Amino acid sequence: MEPDYDIPEHRVGGALLDKVTSWKSYRLRDKDPTYTARMARRMARLSQNMSHSFGGFPRFTGKKPFLFAFLRRFVKAANDNDVSEGRALYLLGNFLAGEAEIRFSKVMPDSAGHIPGRTVSSYPEAVHWLLTNYAEPQALNQAVAECTRATMAASETPEGFAQRLRELGEACGNVHEEDRVKMTFIQGLPDHIRMDCEIYNLDNPSFTLQQVVTYASGEFRQYQALNKTSRPDLGIIPLGRDR
């Protein structure tokens, strides 16, 4: 029977953010909390199998990769290998590195057993510990704000601007759907490119963000080439906006 966990929510502001910072968003398919000595003997093989499922995705250090992307990847790898939450508690540390690994090892129950207030006793508690320690409210809210008002800088290309938007999205748990990010991308472009991209998107509303980025990049190169041809003394004129 599944335990009735009394774990508070990590609220950082706004329903969208509160969902990605809730431990409930990272539950496993197999919620059995049991962990026995017999299970312990198979943990090395399970960890190896999960590593294959991670597919080279880096271990979480406390800074990189972004916590939410890491947790989603851990959940998928665990579910792909039929890992229960009882086992996941003792597997999670194998996918941490650096500061996060050191700090996490100090809250894991040892030979002295679980110490209330000092150690975690379940996978949901371990996830909650990661969220409260590495999902910082101010940084998350700032990333969300930047996601909605970002503009292409003078030193950026459309590809670079799109990549910055994607990284901002990862930093706040991708709380915005792709269509919202696509509109932010279009609205953040320099005027001469933006107007063409708005028309292109209206004519092709089902196109993905990447397809719009590819179109914008073509417009960007054409405009730069035109500027260089008409005013060779000026070289290439930056099109972005100062941030």
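This is a predicted model: local features need pLDDT of at least 70, side-chain atom pairs count only at pLDDT 80 or more; totals for chains, interfaces and linings use all residues.
At the start of the helix, a side-chain oxygen of glutamate 136 comes to within 3.1 Å of the backbone nitrogen of glutamine 138.

The residues of α8 that are buried are Leu140, Ala143, Val144 and Cys147. Around the helix axis these residues cover an arc of only 100 degrees, and they therefore lie on the same side of α8. The cover over these buried residues includes α1 (15–20), α4 (67–80), α9 (158–171) and α10 (178–187). On the face turned away from the buried side, by contrast, α8 carries the exposed residues Gln138 and Arg149.

A disulfide is a covalent bond between the sulfur atoms of two cysteines. A search of the whole structure finds zero disulfides. Cysteine 172 is accordingly in no disulfide, and the nearest cysteine sulfur to it, which belongs to cysteine 147, is 4.0 Å away, whereas a disulfide is counted when the two sulfur atoms are within 2.5 Å. Cysteine 172 has a relative accessible area of 1% and is therefore buried, since residues under 20% are counted as buried. Cysteine 197, at 0% relative accessibility, also counts as buried.

Note on methods
Residues are numbered from 1 along each chain as its sequence is written. Side-chain values use heavy atoms; hydrogens and water are left out. Buried means under 20% relative accessible area, exposed over 50%, partly exposed in between (1.4 Å probe, protein chains only). Helices (H or I, at least four residues) and strands (E, at least two) are DSSP runs, numbered from the N terminus. The arc is that of the directions from the helix axis to the C-beta atoms. Contact means heavy atoms within 4.5 Å. A polar contact is a pair of N or O atoms within 3.5 Å; within protein, one must be able to donate a hydrogen and the other to accept it, and residues adjacent in sequence count only if both atoms are side-chain atoms.
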